[in-house]
Amino acid sequence: MTVPSRECGLVFDKVHIALHGRTLLALDARIAPGEVLTVMGPSGSGKSTLLAFAAGFLSPTFESGGQVLLDGHDITTLPAERRGIGLLFQDPLLFPHLSVAGNLRFGLPRATPDKAARVEAALSAIGLAGFGERDPATLSGGQQSRVALMRLLLSAPGAVLLDEPFSKLDTALRHEMRELVFSRLREAGLPSLLVTHDHQDAAAAGGRIITLE
């Protein structure tokens, strides 16, 4: 078995974020490939602020310091689109003007060969074979969530941020999507950061848990 080097994964090095001089959070952590680190806390504790800092769209209203490193590369000052980080939100955020297949093609890197075959294989992998020409609005909430997950994976990110991605799903679907999302992230070897207030989300992620006050 190959042991990941210290440089592999997503690292928060002495990260601290403040608002109007008041510290919201401080974090020192390394997330290994295939690991999910969960950050929990009530509303206003800084969970989503941490994701915004990692993703590169933190409002200048906040004061921040420290570094975010991905596989040994400092990405702290890079624009969001160059960080190599994928995001999964509460809403699937599928493009309404594109078909299901069009949404998946959008996730593929520009130079990907035979995009049509990749899209078909991706749809089969999430149980949606033959759904390529469907309008995303005709899909159920669970189907939309699966398409959003596969679009993220097809974009080949180096790490993933999850912003309470199961909070709008009903109980049965939430369980199904937790299993699908976390198993896919592990299979892809992606270091992932989950923010949630749900203890069952944290338990399903199966990794370390950090609680913000």
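In this predicted model, arginine 186 is placed in helix H5. The residue counts as partly exposed because its relative accessibility is 44%, a value that falls between the limits of 20% for buried and 50% for exposed residues. Arginine 186 and glycine 34 are 152 residues apart along the chain, yet a distance of 4.2 Å separates their C-alpha atoms. Between glycine 9 and leucine 69 lie 60 residues of sequence separation, whereas the distance from C-alpha to C-alpha is 8.0 Å. Glycine 9 has a relative accessibility of 0% and is therefore classed as buried.

Charged side chains were examined next. Side chains of opposite charge can pair when their charged atoms come close. Six salt bridges are found when the whole structure is searched. One of these joins aspartate 13 to lysine 14, with 3.6 Å between the closest N and O atoms. The two partners fall into separate accessibility classes: aspartate 13 is partly exposed at 25% relative accessibility, while lysine 14 is exposed, its relative accessible area being 58%.

Another salt bridge is formed by glutamate 35 and arginine 208, and here the closest N and O atoms are 2.8 Å apart. Glutamate 35 belongs to the loop between strand E2 (22-31) and strand E3 (36-40), and arginine 208 to the loop between helix H6 (199-205) and strand E9 (209-211); the pair therefore ties together parts of the chain that are 173 residues apart in sequence. Glutamate 35 is counted as buried because its relative accessibility is 19%, which is under the 20% limit. Arginine 208, in contrast, has a relative accessible area of 38% and is therefore partly exposed.

A salt bridge is also made by the side chains of arginine 174 and aspartate 198, with an N to O distance of 2.8 Å. This pair links distant parts of the chain, 24 residues apart: arginine 174 lies in helix H5 (residues 171-188), and aspartate 198 in the loop between strand E8 (192-196) and H6. Arginine 174 counts as buried because its relative accessibility is 17%, and aspartate 198 is likewise buried, at 14%. Both residues take part in a network of salt bridges that also includes Arg178 and Asp201.

The arrangement of two helices was then considered. Helix H2 (100-107) packs with helix H3 (residues 115-125) at an angle of about 110 degrees, and the two axes are 10 Å apart. Because of this angle, H2 is roughly perpendicular to H3; the range for that class runs from 65 to 115 degrees. The crossing in which H2 passes H3 is right-handed.

Conventions
Residues numbered from 1 in each chain as written. Predicted model: local features only at pLDDT ≥ 70, side-chain atom pairs only at ≥ 80, totals over all residues. Heavy atoms only, no water. Helix = DSSP H or I, 4+ residues; strand = E, 2+ residues; numbered from the N terminus. Axes fitted to C-alpha atoms, helices over the stretch in contact; angles between N-to-C directions. Parallel < 35°, antiparallel > 145°, perpendicular 65-115°, else oblique. Left-handed = near helix turned anticlockwise from the far one by under 90°. Salt bridge = Lys/Arg side-chain N within 4 Å of Asp/Glu carboxyl O. Buried < 20%, exposed > 50% of the residue type's maximum accessible area, 1.4 Å probe, protein only.
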